[in-house]
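Dear colleague,

I am handing over a structure that you have not worked with before. Please have a look at it first; my notes on what was found follow below.

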Amino acid sequence: MMDLSHPYSALTPDCTLDALDSTGLKADGRLLALNSYENRVYQIGVEDSAPVVVKFYRPERWSDAAILEEHAYTTELAAREIPVVAPLQLNGATLHTHAGFRFAVYPKQGGRMPEFDRADTLQWMGRFLGRIHAVGALSDFVHRPVLNIETFGYASRDFLRAGNWLSPDLAPAWNSVVDHALEQVAHCYARAGAVRTLRLHGDCHAGNVLWTEAGPHFVDFDDSRTGPAIQDLWMLLSGERDEQQAQLNEILTGYEDFAEFDPRELNLIEALRTLRLIHYAAWLARRWDDPAFPAAFPWFNTPQYWQERILELREQIALMDEPPLHA
């Protein structure tokens, strides 16, 4: 049943189509919901034109200024012929409102999942990420947050504790291991020292890269924020340590054609992975009042879920004790 208390309950198909019509593009009635939970995203057919993708921003998550800062960054990248999917400017604007919802319209971008097991693919990714970061370093975000131990670590831990999400028999173990994990994250940051931060994609995993014969196309800068360059690189790594080392070598071969990489940032790979794991659990908890989340993540907040998170953090504590990968 529809939860009428949630803001997205008012985003009906008619509302979605009317929103696109309000920009001057005429929807032809074809509507396809795309895989997105944080926002609501639809592919909509347009009369006498190619379909577009319309993103309806989650109410109260970002300020208008923060959304426009994301749009400006992707537009800046696209103007330099970097293959990012930037919002369309319609009626002189990239951010629109309809029926209380804020939304943006994007061109439809086809593509497939990148093959990160190929050396040439990793070098290609590295070159474009180097170009993205070279532009990202030219100015700063003012309205978008910083990715660090405070925002992703302590804030996420404290939110979960305050909400009493864990059962009494598991809470002590999780509380202990998350505190230990964050201590190790702090040690990793101390080893890295004062590394440079810049404007990032922020969530550069395989699902946010569409591959064509022309190479990668970077989509969904919704989590764009300020942080160390390695944040956009480590999520491309997978497998055992020797496999990750080989992948990193290929990425940096391409990356350093366009941007300088500080090897001290390699101390942050497992720290950032740990922060992402803690933040992800808190993200699910923060969104649990959205009916889409219990339906999509029914395993969240079960005893097995928290037992797995405790084991996962213990493994991360051990990994953060190991020497980092090398450039």
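Before anything else, please keep in mind that this is a predicted model.

I begin with a pair of helices, α5 and α8, whose crossing is left-handed. Helix α5 covers residues 171-192 and helix α8 covers residues 269-286, and the two pack at an angle of about 145°, with their axes 9 Å apart. On the α5 side the contact involves V178, A181, L182, V185, C188 and Y189, which meet A271, L272, T274, L275 and I278 in α8. Sorted by class, the residues of this contact comprise 10 nonpolar, one polar and no charged.

Helix α5 also packs against helix α10 (residues 303-321), here at an angle of about 25° and with the axes 9 Å apart. Since angles under 35 degrees count as roughly parallel, α5 and α10 are therefore described as roughly parallel to each other. The crossing of α5 and α10 is left-handed. From α5, the residues A173, W174, V177, V178, H180, A181, Q184, V185, C188 and R191 take part, and they meet W306, I310, L313, R314, I317, M320 and D321 in α10. This contact of α5 with α10 has 12 nonpolar, two polar and three charged residues.

The next topic is the sheet. Five strands make up an open sheet in the order β1-β2-β3-β5-β4, and their pairing is antiparallel. Its edge strands, each of which pairs on one side only, are β1 (27-33) and β4 (96-98). From one strand to the next, the twist averages 35°. Helix α1 (residues 13-21) packs on this sheet, where it touches β1, β2 (40-46), β3, β4 and β5, and its direction makes about 125° with that of β1. Helix α2 (residues 64-79), for its part, lies across β3 and β5 and runs at about 5° to β5.

Strand β7 (residues 209-212) and strand β8 (residues 215-218) run antiparallel and are joined by four bridges, and V209 has F218 in β8 as its bridge partner.

Finally, a word on the aromatic side chains: how many aromatic pairs does the structure hold? The number found is 22 aromatic pairs. Among them is the pair of Y42 and F56, which is edge-to-face, with 6.1 Å from centre to centre and 75° between the planes. This pair links distant parts of the chain, since Y42 is in strand β2 and F56 is in strand β3, 14 residues apart.

With kind regards

How values were computed:
Residues numbered from 1 in each chain as written. Predicted model: local features only at pLDDT ≥ 70, side-chain atom pairs only at ≥ 80, totals over all residues. Heavy atoms only, no water. Axes fitted to C-alpha atoms, helices over the stretch in contact; angles between N-to-C directions. Left-handed = near helix turned anticlockwise from the far one by under 90°. Contact = heavy atoms within 4.5 Å. Nonpolar A, V, L, I, M, F, W, Y, C, P; charged D, E, K, R; others polar. Pairing = 2+ DSSP bridges. Parallel < 35°, antiparallel > 145°, perpendicular 65-115°, else oblique. Phe/Tyr/Trp six-rings, centres within 6.5 Å; stacked < 30°, edge-to-face > 60°.
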